[in-house]
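Please read this short report with the sequence and the model side by side. Its topic is how parts of a protein structure meet.

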Amino acid sequence: MTVKYQSQKIAQYFYTFAVILFLVQVLVGIIAAIQFIRPDIFILNFNTIRTLHINALVVWLLAGMMGATYYVVPEESETEVWNYPLALFQFWATVVAITLVVLGYIWMGLDPQANKLVLGTQLLNEGREYIEAPRWADGLIVISVLLFLFNMFMTMFKTKKWTGIQGVLLFGLVFLALMYLPGMFYSKNMIKDQFWWWWVIHLWVEGSWEVIAGALLAFMLMKTIGAKREVLEKWMYIEVGLVLFTGILGTGHHYYFIGTPKYWHWIGGFFSSLEPVPLLLMVWDAFRTTREARNVTNKPGLFYTVAHAIFNFVGAGLWGIIHTLPQVNKWTHGTQITTAHGHLAFYGAYVLLVISMIYVTLPSIRGVKDYNPARAYLAFWWMTISMVFIVLTITGAGMVQVYMERLMGLDYVAVKTTYNLWFWILRAIFGVGFLVGVSIFVYDFFKLGREPAKQKA
Amino acid sequence: MSNKAARNLFIFGSLFFFVIFLGLTVDTMNQIDGRAPEVTKEVDAGKMVWQKYDCIGCHTILGNGSYFAPDMTKVVERKPAGYLKQFLMDPRAVKPTAAMPKLGLTSREADDLVAFLTWISKIDTNGWPPKPMLAAAAGVGGKEQTRGQQVYQSQGCSNCHNINGIGGTSGPELTRVGANGKDAAWHVKHLKEPRSVVPNSAMPPYAALSNDDLKSLAAYLVTLK
């Protein structure tokens with residue numbers, strides 16, 4: 001088994017960058033978990049650590065999706081990438097830009113006064129959650145994404161084989177790029193600031209990213225099982241269609257209490273309650289297709305694909321719907337319940353998605369037919385069990401917080417430092433378990449195909 | 001359903017919902033200015049301070065943010081402006097157990113940030129955060145309140161101080177404040193002008209209270225043992 005087109009191997013650069021950032025994300029995540037218990041434990045304050053934690057997450061997932069796209073589009077278009085040096089340049093330019101941004105965050109963390117206003121915008125950290133990257137970095141990110149999209153479009157134009165999978169994938173990526181723009185201007189009014197900020201955050205993770213996930217799910221089921229494209233693509237259209245029918249107006253569940261009109265309670269409540277439907281459909285799709293499996297050559301690839309579908313539904317769907325209605329959200333908004341949902345949703349929907357794509361495509365990139373799957377499974381169980389318990393501890397902390405702070409009126413700090421202390425300690429311990437899983441995965445990533453395949457376990 | 005039909009449903013259906021979303025966005029944008037006071041120069045400067053120090057990296061505001069530190073939406077209703085300013089400039093000088101580090105805010109920046117937080121507190125948030133259901137009942141237990149307890153409640157002392165776990169943690173706990181050896185006269189003096197007995201105190205003076213109220217409150221405080 002090897003790649004059909006040599007330029008598909010560019011995916012490996014992006015995967016490598018992604019898994020290294022994944023490791024960084026989890027390391028700083030553990031520091032953040034300990035800071036919940038001892039805020040002064042580290043030279044950088046919590047806000048800097050948390051900025052690194054969530055930015056590393058976003059960047060490594062995007063890098064993983066870009067790598068996956070560089071693999072999928074040539075395969076679907078049956079041709080080499082239009083301009084390989086351009087792809088390579090785009091990769092290194094992205095790495096350099098991201099490194100500069102990270103150094104800026106650390107500098108700002110050590111000396112907040114270095115975050116000066118230059119041309120009306122902060123030099124190092126914009127101070128807006130998830131899109132902390134300063135304006136000059138926004139510009140570089142846009143250029144990088146435009147180069148990437150241009151290269152992919154030109155590749156498709158070479159042969160004009162318009163398949164559904166690559167069409168939806170590219171649609172998702174263009175939508176993603178467009179939805180970065182509402183985060184790139186300054187609003188004096190904090191309500192407007194938050195309103196447009198949610199366009200970026202929500203329409204990424206509950207819009208364009210899920211569309212990309214739908215397309216990649218179809219691709220992976222086709223590759224690992226050899227399922228029929230016709231059927232897969234039909235269900236893919238229905239899934240991603242439902243994602244957007246529910247997800248676009250579902251943005252309203254962020255507009256309940258930020259100063260926006262009350263009609264969003266109805267719109268957000270109704271449409272976001274339906275958001276789990278397409279995710280459940282994806283689970284059914286994965287199982288239906290898997291039942292037809294005859295010759296599965298890449299079992300870990302399929303295993304992760306199905307796990308992704310399941311945990312996408314559990315994390316993004318179930319853990320979301322429990323607090324999406326305005327009557328419930330009134331009490332849970334801004335508590336640890338949201339944190340719990342965030343962790344399981346990102347893990348299920350996107351971390352497992354990118355890891356699945358890596359296991360589905362990496363063997364052919366490295367030119368091996370067979371590899372020892374033991375570490376892939378071991379990593380999965382370490383990561384998944386740890387993450388489930390991390391989420392359960394944070395959910396528990398959230399329930400205590402809602403009851404004590406919101407219902408009884410106890411002080412935030414009292415609840416956090418006293419009543420939830422054990423949850424923080426347990427969370428940090430499971431965090432170390434997660435780090436073990438990630439380390440096994442990252443080790444496997446570097447060893448896969450570079451050692452003789454052992455006897456199958 | 002054919003693949004083509006499914007594809008068209010996806011494309012035109014998504015477009016349909018996006019157009020509705022855009023329409024609602026326009027309507028919301030038109031309503032927002034009427035749902036909060038005008039943004040003054042100080043409020044705008046305060047928002048810049050909020051972003052400069054990456055406050056949202058620990059706090060939440062309007063319920064969005066990092067869940068590591070208290071929500072700032074209604075903070076100015078619970079804490080006096082003078083306290084907030086002193087706290088922002090040097091948290092641990094005011095509250096030794098504070099988790100917040102000294103970030104180096106200037107006096108001007110602290111004023112602007114308080115102006116920004118005051119503006120935030122006046123946004124029509126559709127009733128969020130809700131008033132705690134049980135807090136009103138806590139500490140009363142069906143018994144008739146003394147005059148001192150009534151003053152304690154009406155002045156919002158529990159926003160910063162707590163008694164038996166009920167109340168804020170910004171100021172010292174008062175559960176056993178009567179056991180610290182200070183008499184009622186000391187308390188009256190302290191309430192009138194905190195800095196006359198506790199240098200650098202961040203508590204605002206309550207000199208505007210009547211002498212009777214001050215004495216009742218002080219009498220109540222010395223019973224807490």
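This is a predicted model: local features need pLDDT of at least 70, side-chain atom pairs count only at pLDDT 80 or more; totals for chains, interfaces and linings use all residues.

Residues are numbered from 1 along each chain as its sequence is written, chains are lettered from A and ligands numbered from 1 in the order in which they are written, and side-chain values use heavy atoms, with hydrogens and water left out.

**Chain A and chain B**

Contact, meaning heavy atoms within 4.5 Å, involves 87 residues of chain A and 73 residues of chain B. Of the area that chain A buries against chain B, A:Met190, A:Tyr237 and A:Phe245 supply 9%, more than any other three residues. Buried area is the accessible area (1.4 Å probe) that two parts lose on being put together, summed over both.

There are three salt bridges between chain A and chain B; a salt bridge is a side-chain nitrogen of Lys or Arg within 4 Å of a carboxyl oxygen of Asp or Glu. One of them joins B:Arg92 to A:Asp40, with the closest N and O atoms 3.2 Å apart. By class, the side of chain A that touches chain B holds 43 nonpolar, 26 polar and 18 charged residues. Here Ala, Val, Leu, Ile, Met, Phe, Trp, Tyr, Cys and Pro count as nonpolar, Asp, Glu, Lys and Arg as charged, and the others, Gly among them, as polar.

**Two domains of chain B**

An assignment divides chain B into domain 1 (41-121) and domain 2 (147-222). Their centres, taken over C-alpha atoms, are separated by 24 Å. Eight residues from domain 1 of chain B and nine residues from domain 2 of chain B make the contact.

B:Lys79, B:Tyr83 and B:Gln86 supply 50% of the area that domain 1 of chain B buries against domain 2 of chain B, more than any other three residues. On the side of domain 1 of chain B that touches domain 2 of chain B, three residues are nonpolar, one is polar and four are charged.

| Interface | Buried area | Part on carbon and sulfur atoms |
|---|---|---|
| Chain A and chain B | about 7,000 Å² | 65% |
| Domain 1 of chain B and domain 2 of chain B | about 800 Å² | 45% |

Conventions: Domain bounds come from an automatic or database domain assignment.
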